[in-house]
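The sequence and the structure are shown first.

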Amino acid sequence: MKNSYYSQDLSVFLNENTQTIFGIINQNKTTSDTAEQAYAWNEEIEILQRELKNLDDGRILLEYVIPRMGKRADAILLYRNIVFILEFKC
């Protein structure tokens, strides 16, 4: 089982098309989600790409499944040996 619906180097994520990222998330999801969830994912991707554009290195994981809890974190950013857990409300 993959721990996230999307995992990529930050440099790739920042230059990747929003719809490509959304397609990967949608392909890897394990639940049937609503139109509201799809809208939230698109907004989340656009916000992250805009706000993280000046970072030089790192990794991003979207919809990370927290082991043994069965819950998901919207985004996890690994940057300079720091783990940022980000939750969105769109």
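## Aspartate 74 and its surroundings

Leaving aside residues up to four places away in sequence, aspartate 74 touches Glu44, Leu61, Leu62, Glu63, Leu86, Glu87 and Phe88. The model is predicted, and the values given here are computed from it. Aspartate 74 belongs to strand S3. With a relative accessible area of 12%, aspartate 74 falls under the 20% limit and is therefore buried.

A polar atom of the aspartate 74 side chain lies 2.6 Å from the backbone nitrogen of phenylalanine 88.

## The sheet

Four strands form an open sheet in the order S1-S2-S3-S4, and their pairing is antiparallel. Strand S1 (4–9) and strand S4 (82–86) are at the edges; each has a single partner strand, so one side of each has no neighbour in the sheet. From one strand to the next, the twist averages 25°.

Five bridges pair S1 with strand S2 (residues 59–66) in the antiparallel sense. Serine 4 has tyrosine 64 as its bridge partner in S2, and aspartate 9 stands opposite arginine 59 in S2. Strand S2 is mostly covered, since six of its eight residues are buried.

## The two hairpins

Strands S2 and S3 run antiparallel and are joined by seven bridges. Leucine 62 has alanine 75 as its bridge partner in S3. The two strands form a hairpin with four residues between them, and arginine 68 in the turn has a positive phi of about 65°.

Strands S3 and S4 pair in the antiparallel sense over five bridges. Here the bridge partner of tyrosine 79 in S4 is isoleucine 82. Two residues lie between the strands of this hairpin, in which arginine 80 takes a positive phi near 50°. Isoleucine 82, in strand S4, has a relative accessibility of 44% and so counts as partly exposed. The C-alpha atoms of isoleucine 82 and glycine 58 are 9.6 Å apart in space, while the two residues are 24 residues apart in sequence.

## Helices across the sheet

Helix H2 (residues 18–28) lies across S1 and S2 and runs at about 140° to S1. Helix H3 (residues 35–51) lies across S1, S2, strand S3 (71–79) and S4, at about 150° to S2.

Which residues of H2 are buried? They are Thr18, Ile21, Phe22 and Ile25. These residues cover an arc of only 100° around the axis, which puts them on the same side of H2. An α-helix has 3.6 residues a turn, so residues three or four places apart point the same way. The cover over the buried residues of H2 includes S1, helix H1 (10–15), H3 and S2.

At the start of H2, a side-chain oxygen of asparagine 17 comes to within 2.7 Å of the backbone nitrogen of glutamine 19. The side chain of glutamine 19 also makes a polar contact with the side chain of asparagine 42, at 3.4 Å.

Asparagine 42 lies in helix H3. Its relative accessibility is 18%, and asparagine 42 therefore counts as buried. Not counting residues up to four places away in sequence, asparagine 42 touches Thr18, Gln19 and Phe22.

## Aromatic pairs

A pair of aromatic rings is described by the distance of the centres and the angle of the planes. With ring centres required to lie within 6.5 Å, the count comes to three aromatic pairs. In one of them, the rings of tyrosine 5 and tryptophan 41 have centres 6.3 Å apart and planes at 80°; the pair is therefore edge-to-face. Tyrosine 5 is in strand S1 and tryptophan 41 in helix H3, so this pair ties together parts that are 36 residues apart in sequence.

Are these two residues buried or exposed? Tyrosine 5 counts as buried at 3% relative accessibility, and tryptophan 41 is buried with a relative accessible area of 2%. Ring pairs link Tyr5, Phe22 and Trp41 into a cluster. Phe22 is also one of the buried residues of H2 and one of the residues that asparagine 42 touches.

Terms used
Residues are numbered from 1 along each chain as its sequence is written. This is a predicted model: local features need pLDDT of at least 70, side-chain atom pairs count only at pLDDT 80 or more; totals for chains, interfaces and linings use all residues. Side-chain values use heavy atoms; hydrogens and water are left out. Two strands pair if DSSP finds at least two bridges between them. Axes are lines fitted to C-alpha atoms, for helices over the stretch in contact, and angles run from 0 to 180 degrees between N-to-C directions. Contact means heavy atoms within 4.5 Å. Buried means under 20% relative accessible area, exposed over 50%, partly exposed in between (1.4 Å probe, protein chains only). A polar contact is a pair of N or O atoms within 3.5 Å; within protein, one must be able to donate a hydrogen and the other to accept it, and residues adjacent in sequence count only if both atoms are side-chain atoms. The arc is that of the directions from the helix axis to the C-beta atoms. Rings of Phe, Tyr and Trp (its six-membered ring) pair if their centres lie within 6.5 Å; planes under 30 degrees apart count as stacked, over 60 as edge-to-face and the rest as tilted.
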